[in-house]
Amino acid sequence: MKKRRRRTSLKAPAACLPIFISAALAWLLSAASAFRLAPSLLRRHTRSGRPLSASSIAQTTKGIRDGTLTVEEVVRDTLRRVEASDVHGWCSVDGESALSRARELDKGRANEGDLPPLYGLPIAVKDTISVRDMPCTGGSRVLEGYVPSFDAPCVERLKAAGAVVIGKTNCDEFAMGSTTETSFFEQTVNPFDLSRTPGGSSGGSSAVVSNGEVPAALGSDTGGSIRQPASWCGVVGLKPTYGRVSRRGLLAYGSSTDCIGPMCTSVEDCAILLEAMAGHDPLDVSSLDAPVPEYAKLVDQFLNNKESLSGRPLSKMRIGLLKETLDDGEGRMQPAVMAAFKDSLSVFKALGAELIEVDIPNLKEYCAAYYITVMSEASSNLAKYDGIRYGLRTSSEDPRAKRVMVDSRETGFGQEVKQRILLGTFALSAGYSDAYYKKAQKMRAALASNFERVFELVDALILPTAPTTAYRLWEF
């Protein structure tokens, strides 16, 4: 692994302004319709003007299924693209392990009846998610050298469905950030413009999918860490319902909002990947014990029903426009982002959707409550990395436990993580928890009630993922 470094020869402008639609299955169905009707929304180009590789899961595995390609050939081609990449999206790549797995799949293929849905599919996994015998650092020096002995359940399910893990992707340290600039190891850049960030914290996953290195990747999302980088890199990212995908094997940041989700080149592919990785985990107390819908089949049926074939697939759908995001009164929304968002609304109108303006009062205050909550949880979750129980241990002339812990945490954690730990510790401290943490939980309950009220009026919400296009490196 290489320590993070700044690139000095960054050039070539580009723009990418996708949108994000939230609300479970409604998201999959309405977004699939929009992208099917308006293929220009998926038309992406490299800095040289050539189309980026945007192979779908079906396209990638087609040759394997019809016998014209071996899994090993597909994996070798993937490794060549990874080697040629200039976006620095990977923390580690295990080509030998991937090729060994590919050969196993090729040997066992003769004994397979119907091949599993992801048979031979190369995927990337964010470096906050455990993959057996691959480093898992969370982008932090404090975990440098840590290699898990187990697969996270979502990875285990994907492997059982035939996927091949190529390696681990770069991210903000412990998923704390929105630019992937807080990573200790690398500075990932945006495939559309090397002078800009890919977003974060799952910036490595979004960048390698956007750059055509792999057709799919896993990210994690606490407060936008899948959705925002997916938007800035022009791919599709989905944060599933909390508990739908097991959190076991995920390095914890904000445990009550952390989710693992798919990042792909299309809505259909997100449905395929989510269906394969979701499911109840009896060892995760937050795991949802409910049947997993056939997401891919539902999307396909929806796109081929009579309303879809008539050109108005969303004629029965009510989509909410959140007033507070349309105009915050402070001019924080870039005009270009607002223009792209309004263009997208015309697409949904053409598809037959009814657009309804809704409101959630005190949105700024809810944002503050979110930060108090996740920083408090981060303070608790990261307390174990003290150089004695877990994590980097620095050598010290003073052998006392307190000195070892202080020196190890000072050396192992980056500035952003230290700041969030301090703020979270303060919010939980005696004399202040009532004023901050407990009040934030009351605000959280009020927000949940507001969303329940809104979703009695609409099926989904549509809003820009971020108020700006991708930041320039080190601008934010």
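Colleague: What is the average pLDDT of the chain?
Modeller: The chain averages 88, and 87% of the residues score at least 70. pLDDT is the predictor's confidence in each residue, from 0 to 100. This is a predicted model: local features need pLDDT of at least 70, side-chain atom pairs count only at pLDDT 80 or more, and totals for chains, interfaces and linings use all residues. Residues are numbered from 1 along each chain as its sequence is written, and side-chain values use heavy atoms, with hydrogens and water left out.

Colleague: Where is the pLDDT below 50?
Modeller: Over residues 1–24. It also stays under 50 over residues 37–54. Where pLDDT is low, the predicted coordinates should not be read in detail.

Colleague: Why is C270 called buried?
Modeller: Buried means under 20% relative accessible area, exposed over 50%, partly exposed in between (1.4 Å probe, protein chains only). C270 has 0% relative accessibility, so C270 counts as buried. C233 is buried too, with a relative accessible area of 0%.

Colleague: Why is C270 in no disulfide?
Modeller: A disulfide is a pair of cysteine sulfur atoms within 2.5 Å. The nearest cysteine sulfur, that of C264, is 4.1 Å away, so C270 is in no disulfide. The structure holds 0 disulfides.

Colleague: What makes a nonpolar core?
Modeller: A set of buried Ala, Val, Leu, Ile, Met, Phe, Trp, Tyr and Cys residues joined through side-chain atoms within 4.5 Å. The largest one has 34 residues, of which L218 and L273 touch the most other members. The largest share of this core, 7 residues, comes from α8.

Terms used
Contact means heavy atoms within 4.5 Å. Helices (H or I, at least four residues) and strands (E, at least two) are DSSP runs, numbered from the N terminus.
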